[in-house]
Amino acid sequence: MESAGDLRRAGNEEFRRGQYGAAAELYSRALAVLEDAGEAAAEERSVLLANRAACQLRDGACRGCVADCCSALSLTPFAIKPLLRRAAAYEALESFALAYVDYKTALQVDCSIQAAHDGVNRMTKALLEKHGVNWREKLPPIPTVPIDAQRRWSVPSAGSPTGGAPPGNTPRGDPAQTAAGIERAQTLKEEGNKLVKKGNHKKAIEKYSESLKLNQECATYTNRALCYLTLKQHKEAVQDCTEALRLDPKNVKAFYRRAQALKELKDYKSSIADINSLLKIEPKNTAALRLLQELNRA
């Protein structure tokens, strides 16, 4: 029987190669080996959970990433890597207040983390746009990090080849160290959003496409789908909404925009199915109800 350490190292190697699904499977097997180890293996289990979270973040499975990071942090509170990964996942899910709290918590542990500073700046801007000048009132409490946790986690713990995190400093390496890729993707998405507001949908598609090469985010797919709808590229809109629903199976915008595109393609049956799926999530969605009426008359 393979040891948890062997499985973790094999997972790290797959992660280096960009095989995130295979790496996640190996980390899961390692976690199964340690299932009955109890408190003695708490830190090793936390590392494996954080590594699997990194795989899910890279594959766009942000909710799974959040779940694994929460589990990791329950075993080793205030560990930097699960904090940063959870923050990045919350950001991708547009849960900006929760992302802000995690980035701020990470800075209490180690104030030199540039990715966390950049994250705080982005979340501040997003929350200000969303809630106005009183945005801080919308924040959940920011935990106070104990001094012993600051001392423990501010010192890098994965400097050796056998360290806990998926190794590497390239864009395919550790997301805690390569937040620049996700940050660049966010910047490109914001540039695309500005172009949409100006009515320049073709240029916006280019920005969203560049962003998606760096980070597959549900909102970027639905934004690009909106541009395709405006340009009457309905098949491409359907494809983007399908990708968005792969990442977030309950995404209301993706269901609605795919329904719009399918209606234009005269696939009324599939369009109605999407609207019905949407209404199970938001029964009083007026736009969806209106579109359903149009479809029933078609």
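Author: Let's start where the side chains of Arg-224 and Asp-240 meet in a salt bridge, 2.6 Å from N to O. Arg-224 sits in helix α11 and Asp-240 in helix α12, so this pair ties together parts that are 16 residues apart in sequence. How accessible are the partners? Arg-224 counts as buried because its relative accessibility is 13%, under the 20% cut-off. Asp-240 is buried too, at 4%. Keep in mind that this is a predicted model.

Between those helices, α11 (218-230) and α12 (234-247), runs a loop that holds Lys-232. That lysine has a positive phi of about 60° although it is not a glycine. Lys-232 counts as exposed, with 65% relative accessibility.

Now step back along the chain. Glu-191 forms a salt bridge with Lys-207, with the closest N and O atoms 3.0 Å apart. Here the link runs from helix α9 to helix α10, between residues 16 apart. Glu-191 is partly exposed at 26%, and Lys-207 is partly exposed at 25%.

Since Glu-94 lies in the loop between α5 and α6 while Lys-189 is in helix α9, the contact ties together parts that are 95 residues apart in sequence. Lys-189 counts as buried at 4% relative accessibility, whereas Glu-94 is partly exposed at 33%. Glu-94 is also a non-glycine residue with a positive phi, near 65°. Overall, the count comes to 17 salt bridges.

Some charges group in another way. Lys-125, Lys-194, Lys-197 and Lys-198 gather in a patch of positive charge on the surface. One of them, Lys-198, lies in the loop between α9 (179-197) and α10 (201-214), and it counts as exposed at 71% relative accessibility.

And the greasy side of things? The largest nonpolar core has 37 residues, and those with the most contacts inside it are Leu-84, Tyr-100, Tyr-103, Ala-116 and Leu-127. At least two residues of this core come from each of α3 (42-58), α4 (62-75), α5, α6 and α7 (114-131). Apart from that core lies another, of 30 residues, including Ile-205, Cys-227, Ala-254 and Leu-292.

How values were computed
Residues numbered from 1 in each chain as written. Predicted model: local features only at pLDDT ≥ 70, side-chain atom pairs only at ≥ 80, totals over all residues. Heavy atoms only, no water. Helix = DSSP H or I, 4+ residues; strand = E, 2+ residues; numbered from the N terminus. Buried < 20%, exposed > 50% of the residue type's maximum accessible area, 1.4 Å probe, protein only. Core = buried A, V, L, I, M, F, W, Y, C linked by side-chain atoms within 4.5 Å. Patch = residues over 30% accessible without salt bridge, like charges linked within 9 Å, V, L, I, M, F, W, Y side chains within 5 Å. Areas by Shrake-Rupley, 256 points an atom, 1.4 Å probe, with all protein chains shown as cover. Salt bridge = Lys/Arg side-chain N within 4 Å of Asp/Glu carboxyl O. Lys, Arg positive; Asp, Glu negative; His and termini not counted. Charge placed at Lys NZ, Arg CZ, Asp CG, Glu CD.
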